[in-house]
Amino acid sequence: MEQLKNSDPQIYNWINQEHERQESELEMIASENYTSLAVMQAQGSILTNKYAEGYPSKRYYGGCQNVDLIESLAIQRAQNLFKAPFANVQAHSGSGANMAAFFALIKPQDKIMGMDLSHGGHLTHGSPVNFSGFLFEAHSYGLNPQTGLLDYDLIRSQALKVRPQLIIAGYSAYPRYLDFHAFKAIADEVGASLLVDMAHFAGLVASGHHPSPIGIADIVTTTTHKTLRGPRGGLILTHQEELAKKINSKIFPGIQGGPLEHVIAAKAVAFGEALNPSFGEYIDQVIKNAQTLATELVNQGFDLVTGGTDNHLLLIDLSKKELTGKEAETALGNSGITVNKNTVPNEKRSPFVTSGVRIGTPALTTRGMKQEQMIRIAHWITQTLNHPTDQDLHKKIKQEIHELCKQFPVYGTQKRPQ
């Protein structure tokens with residue numbers, strides 16, 4: 001980092017400030033995690049310099065012999081990790097992976113049907129402000145208003161009414177398992193393709209803690225960060241040979257140019273780490289931590305969407321309180337707890353204000369925290385949200401959290417990649 005310090009001290013200082021923030025506060029955004037130093041070293045490597053449009057052994061540039069080996073290994077590891085016959089590792093993001101999958105399965109103006117954004121869906125599942133909403137005729141399904149759960153009979157009724165060409169299963173904020181066979185039966189009944197976006201729970205699928213959509217969905221997409229603990233990027237999987245060429249062509253030259261081979265190298269490292277048996281132990285602890293946190297928050301008087309969680313995240317529903325999701329996010333941030341405001345089912349407030357808070361345990365679990373720490377954290381959350389404007393209390397809690405974080409360093413005494 002000395003070269004950066006000398007050439008651009010402003011950026012160097014801000015990076016150091018961010019490093020301090022990550023070390024001293026509780027990162028509880030469900031879609032964030034900490035990569036290993038090995039992943040960061042691969043991503044920050046000399047591969048940054050290499051253009052490699054095309055695919056291994058079929059490039060439009062020379063000098064690709066080494067990146068061919070790296071990308072081929074990333075593909076192989078992804079296939080082994082998810083037991084998928086085909087993998088494309090070039091997608092720059094989960095959104096890009098979804099766009100390529102859409103174009104491989106349907107054409108513009110076709111009907112799509114995904115989970116309503118306010119019920120826990122994602123922007124790329126049909127939001128009108130996203131490409132999925134203005135390139136396609138988007139329809140949505142939601143949660144059962146009584147149970148807060150996905151109701152497959154209601155989804156089927158909506159599909160029969162809409163007759164979409166594509167059904168999207170997956171979420172940004174839903175704390176329960178998905179039934180892929182039920183989704184597939186609905187898709188088959190209406191003649192639709194099925195896309196599963198497992199960006200949030202890919203790590204749980206890889207470890208066997210969540211049913212796998214591979215072999216059921218036509219295409220499966222995911223990010224490579226979140227519960228997979230890799231670099232920020234996308235991945236596309238399928239078991240259908242006839243879709244493989246379509247997927248490749250929709251990524252390049254369809255929506256992207258040169259692949260980010262330094263990120264692909266980092267993906268390969270992350271896939272290798274996830275293939276280690278210790279990754280399963282990590283995911284097991286992620287779920288235990290989320291469930292402990294959920295139980296303790298319910299005991300403290302909070303309402304949770306669906307009443308609890310099966311996975312790595314939970315949603316606090318503040319609809320019955322005067323406190324908004326935005327205010328809760330700010331208050332918790334002042335206490336040293338980083339979360340994000342989130343819409344809840346039957347949302348009455350705007351998406352910029354919201355009535356909920358989304359909380360996840362992947363990053364804290366990577367630090368080594370377990371159930372004992374989750375109970376303490378639940379009490380800090382409770383104190384903060386019960387006294388959202390008490391700055392002295394927030395300052396006290398932030399100091400207590402700082403002391404806890406010292407016991408669970410993200411990178412310890414190890415230096416960041418040089």
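In this predicted model, the charged end of R229 sits over the ring of Y282, at 3.7 Å from the ring centre. This contact pairs a charge with a ring; the paragraphs below turn to contacts between charges, and then to contacts between rings.

The structure holds 17 salt bridges. One of them joins E18 and R21, whose closest N and O atoms are 2.8 Å apart. Both residues belong to helix α2, which covers residues 9-24, and because they are 3 residues apart there, about one helical turn separates them. E18 is partly exposed, its relative accessible area being 31%. R21 is also partly exposed, with a value of 26%.

R367 and E23 are both buried.

R176 and D310 form a further salt bridge, with their closest N and O atoms 3.0 Å apart. Here two loops are linked: R176 is in the one between β7 (166-170) and α8 (180-190), and D310 is in the one between β11 (303-304) and β12 (313-317). The two residues are 134 residues apart, and both are buried.

The rings come next. The structure holds 11 aromatic pairs. In one of them, the ring centres of Y51 and Y61 are 5.2 Å apart and the planes stand at 5 degrees, so the pair is stacked. Y51 is in the loop between α3 (37-43) and β2 (54-55), whereas Y61 is in the loop between β3 (58-59) and α4 (65-82). Y51 is partly exposed at a relative accessible area of 46%, and Y61 is partly exposed at 38%.

For Y141 and F183, the centres lie 5.8 Å apart and the planes are at 50 degrees, which means that this pair is tilted. Y141 is in strand β6 (residues 137-141) and F183 is in helix α8, so their contact ties together parts 42 residues apart in sequence. Both Y141 and F183 are buried. Aromatic residues also gather in a group: F102, F103, F131 and F136 make up one aromatic cluster.

Technical notes. Residues are numbered from 1 along each chain as its sequence is written. This is a predicted model: local features need pLDDT of at least 70, side-chain atom pairs count only at pLDDT 80 or more; totals for chains, interfaces and linings use all residues. Side-chain values use heavy atoms; hydrogens and water are left out. A salt bridge is a side-chain nitrogen of Lys or Arg within 4 Å of a carboxyl oxygen of Asp or Glu. Helices (H or I, at least four residues) and strands (E, at least two) are DSSP runs, numbered from the N terminus. Buried means under 20% relative accessible area, exposed over 50%, partly exposed in between (1.4 Å probe, protein chains only). Rings of Phe, Tyr and Trp (its six-membered ring) pair if their centres lie within 6.5 Å; planes under 30 degrees apart count as stacked, over 60 as edge-to-face and the rest as tilted. A charge sits over a ring if NZ of Lys or CZ of Arg is within 6 Å of the ring centre and within 35 degrees of the ring normal.
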